[in-house]
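Q: I would like to learn how to read the pockets, cavities and confidence values of a model like this one. Could we take the features one after another?

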Amino acid sequence: MFSALGSALHRRRIAVLLLSLLVTALATVYGGTVSEKLSNGLSDYDDPGGGNVAAREIIERATGIDSQQGYLLLVRTDEPVDAATTAPPKAVTAAAALLRSRPEVEQVIDYTSPEGAALISHDGRSTVVVGAVGSLTDQESIQAEKELQKAIEGDATLRGRTWLGGATPGHVQVAEVSDTDLAQAELLAAPVILLVLFLVFRGLVAALIPLLGGIVSLLLTMAGLRVATEFMNVSTGAMSLAFALGLGLSIDFGLLIVSRYREELADRGPGAEAVLRTVTTAGRTVLFSALTVAAALAALTAFPQPYLRSMGLAGVITVLSAALFALLGLPPLLALLGRRINSLAPRRWQRTAGSARATEGRWYRVAQSVMRRPAVFALLATTVLLVIASPLLGVRFTGVDPTLLPEETSAGRVAAVLDQDYDARATSPLQIVLENDGTPDPSRLTDYTERIAAVPGVESVGTPVELDARHWEIDAVLTDNPLDEAAKDAVAAVQDLATPYSARYTGTTADFLAQRQSIAQSLPLAGGILVVVTLLLLFAFSGSVVLPLKALMMNLLSTSAAFGFLVWVFQDGNLGFSPQSGLEATTPVLVFALAFGLSTDYNVFLLSRIKEARSQGLDNREAVAQGLSRTGGIVTSAAILFCVPVGALALSRLVFIQELGLGAAFAVLIDATVVRVFLVPSLMALLGAANWWAPSPLRALHRALRLDRMEHSSAPEPVPDKTSAQPSAPVG
């Protein structure tokens with residue numbers, strides 16, 4: 001297959017490149033509107049089949065109010081206000097009038113309303129006006145937020161003393177901050193990436209190829225996501241992942257393909273043979289690498305939350321797009337360039353392009369040193385990973401709300417003031433929906449409300465309100481912030497109470513608890529998909545059942561270390577980050593899938609060269625040393641280059657995006673260093689020939705499917721000179 005592909009790509013290189021250009025142009029036109037179709041709201045984090053979603057739907061049908069939407073106008077007053085005041089200040093009256101003028105607002109509540117005393121600050125010099133709204137589309141939310149901000153600025157009574165916050169502006173501003181930060185990260189990362197690419201690829205022409213691949217894969221991903229929006233909700237977070245992952249994988253795959261092509265170019269010169277050998281070796285590795293990363297990210301689609309499913313879908317599309325460019329677009333481009341791939345580089349680099357004996361010699365000596373004391377290095381590497389992972393024992397989880405926004409945004413400022421200056425959380429109550437086929441017994445409702453009020457952490461309980469003939473609503477205001485541990489404990493305690501009728505729970509705290517439970521319930525299925533598909537792909541690639549199991553173990557160690565690092569940085573507040581109440585609940589799932597896939601990706605890089613060396617007749621230890629010597633520089637360079645665009649996400653002002661970027665970057669670095677340099681060689685040496693063991697029926701199946709064929713024979717390559725003292729040569 002790969003031989004035929006390599007020959008065809010070389011023979012039809014001009015036609016393939018023109019076709020690639022046409023497809024990319026069409027993808028650019030079609031995918032350019034994807035941002036208008038992406039969703040952004042708290043519902044993206046919900047299980048659509050959850051009881052909390054059903055409770056919100058019941059409330060919305062009865063009242064027209066969507067509890068996940070809404071406005072909060074924070075008004076600073078010149079004089080202290082009091083609930084007994086008959087004439088509210090002009091600013092408060094103007095704020096209420098502004099909300100009532102909005103067609104989507106169903107109800108306006110201020111401190112003069114019944115039970116509105118909680119809407120006054122501690123010092124009495126500010127108050128909150130609440131606007132409850134009906135369901136809004138994302139585009140309607142964006143337009144409404146703009147109009148409200150404009151109205152506030154255009155009203156002299158409100159300007160300078162009124163700030164817009166709440167759920168709806170919060171959703172809009174999270175997307176705005178995310179987009180702005182992503183653009184800034186791109187600008188900051190681009191020159192760094194280009195410089196590192198030039199140093200790693202040792203030439204400007206070679207360095208620009210991965211960037212071209214990143215652009216093409218991103219454009220194809222945008223077109224793919226645009227198609228997906230016709231069938232499902234796709235979260236805005238998908239674009240952040242597509243940017244970082246597309247560029248990172250394009251660099252990984254490009255480095256692998258270009259490095260191998262340069263080797264073949266140095267040995268055989270330009271022509272069909274160099275392209276064919278590159279495709280049959282590095283191309284095969286890219287295919288299996290892409291499939292393993294895609295399989296890890298595809299496991300995210302097992303979760304019902306639209307946000308996680310969107311990230312999984314975006315990841316799969318991005319991986320396949322990067323692989324398509326590497327397998328179909330890059331070989332004909334290299335065939336067209338020939339020796340010009342080494343252009344625009346210092347002459348010394350051009351003379352040594354494709355030869356890296358000194359660099360390989362160093363990696364060869366490292367591998368031999370590790371394999372002389374494999375038990376010691378295996379124990380040491382495992383201990384280091386477990387120590388880094390140890391903070392994971394105290395991990396806590398939290399959700400996303402406007403408090404995560406920076407205070408320079410209006411919604412972030414409102415959330416911060418509410419947190420500091422207001423007692424009760426009247427704007428985020430626990431909403432309990434009771435369902436009864438007949439007329440409920442008032443005494444049972446009264447008894448139930450009294451038991452709710454007695455739960456520690458419950459500030460007050462409202463009078464039961466009839467929603468319709470079958471449903472009643474009871475609101476409980478919590479003492480603590482909705483996502484604090486005390487509030488979660490209080491809501492959990494309320495949910496444990498015996499209910500007079502069938503009950504469903506919603507509100508910020510209840511929604512988070514439902515999300516956490518849904519994720520936990522989906523983990524076995526997602527984990528099963530991840531494990532089974534990874535084992536099958538690695539068996540197909542290696543013909544062994546031991547190597548896939550060992551890869552799973554090492555991946556678990558490296559991802560656990562990444563989680564422990566995240567807890568230490570964000571939850572405990574280190575490296576200059578402020579302590580958080582916990583990690584955002586979806587972040588560990590995303591980091592695990594991403595880190596697991598990339599760890600397997602680098603494992604395939606290494607195993608491909610080890611397997612190739614074994615097929616040339618080398619024994620196990622020599623094959624491992626050869627494999628590490630040929631891929632050590634590539635994997636390390638790829639990891640560093642991948643960490644630049646992914647790590648740039650850590651510059652975001654949104655904590656959950658910082659967690660994703662820093663967690664993924666650290667996982668890749670720890671895997672490319674501790675795992676790939678020390679743990680892999682030591683375990684390969686300890687297991688020896690057992691690394692390649694498989695039951696006879698599976699070996700026969702592997703041969704029957706022709707998966708054991710490398711598709712191109714080659715003579716054994718010389719072992720690097722252990723005493724080499726040549727000048728350092730390029731990784732590629």
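Q: Which element gives the most to the lining of the second largest pocket?
A: In this predicted model, the leading contributor to the lining of the second largest pocket is α7, with seven residues. The space in that pocket comes to about 1,000 Å³. Its lining holds 40 residues, and those closest to the centre are L38, S39, N40, G41 and D138. Two or more lining residues come from each of α3 (34-37), α4 (51-63), α6 (138-154) and α7 (167-201).

Q: Which residues lie nearest the centre of the largest cavity, and which elements supply its lining?
A: The largest cavity is lined by 27 residues, and N40, Y45, V174, V400 and F656 lie nearest its centre. At least two lining residues are supplied by each of α7, α9 (237-268), α11, α20 (587-615) and α22 (655-687), with α7 providing the largest share, six residues. By class, that lining divides into 13 nonpolar, 11 polar and three charged residues.

Q: What is the volume of the second largest cavity, and which residues lie nearest its centre?
A: The second largest cavity has a volume of about 170 Å³, and of the 17 residues that line it, R260, T281, T285, S608 and R609 lie nearest the centre. The elements giving two or more residues to this lining are α9, α10, α20 and α21 (620-647). The lining comprises six nonpolar, six polar and five charged residues.

Q: Is Q305 buried or exposed, and what does Q305 touch?
A: A residue is called buried when its relative accessible area is under 20%. Q305 has a relative accessible area of 0%, and so it is buried, although its place is in a loop, the one between α10 (272-298) and α11 (306-337). Leaving aside residues up to four places away in sequence, Q305 touches D44, Y45, D46, D47, Q515, S518 and I519.

Q: How should I read L660, and where is L660 found?
A: L660 is found in helix α22, and it counts as buried because its relative accessible area is 8%. L660 and T587 are 73 residues apart in sequence, yet their C-alpha atoms are 6.0 Å apart in space. Once residues up to four places away in sequence are set aside, L660 touches M311, T587, L590 and V591.

Q: What is the radius of gyration of the chain, and what share of its residues is buried?
A: Here one compares the chain with a rule for globules. A compact globule of 732 residues would have a radius of gyration near 27 Å, and the chain agrees with this because its value is 29 Å. The C-alpha atoms fill a box of roughly 95 × 50 × 45 Å along the principal axes, and buried residues make up 58% of the chain. The secondary structure comprises 23 helices and 11 strands.

Q: Where in the chain is confidence lowest, and where is it highest?
A: The chain has an average pLDDT of 86, with 94% of the residues scoring at least 70. Confidence is lowest in helix α12 (residues 347-352), at a mean of 66, and highest in helix α14 (residues 374-389), at 95. Over residues 710-732 the pLDDT is below 50, and this stretch has 65 contacts in the model beyond near neighbours in sequence.

Notes
Residues numbered from 1 in each chain as written. Predicted model: local features only at pLDDT ≥ 70, side-chain atom pairs only at ≥ 80, totals over all residues. Heavy atoms only, no water. 1 Å grid on protein atoms, 1.4 Å probe; cavity = no way out; pocket = protein on both sides within 12 Å on 5 of 7 lines; lining within 4 Å. Points joined across faces, edges and corners; volume = space filled by probe spheres on them. Helix = DSSP H or I, 4+ residues; strand = E, 2+ residues; numbered from the N terminus. pLDDT = per-residue confidence, 0-100. Contact = heavy atoms within 4.5 Å. Rg over C-alpha atoms; globule rule 2.2 N^0.38 Å. Buried < 20%, exposed > 50% of the residue type's maximum accessible area, 1.4 Å probe, protein only. Nonpolar A, V, L, I, M, F, W, Y, C, P; charged D, E, K, R; others polar.
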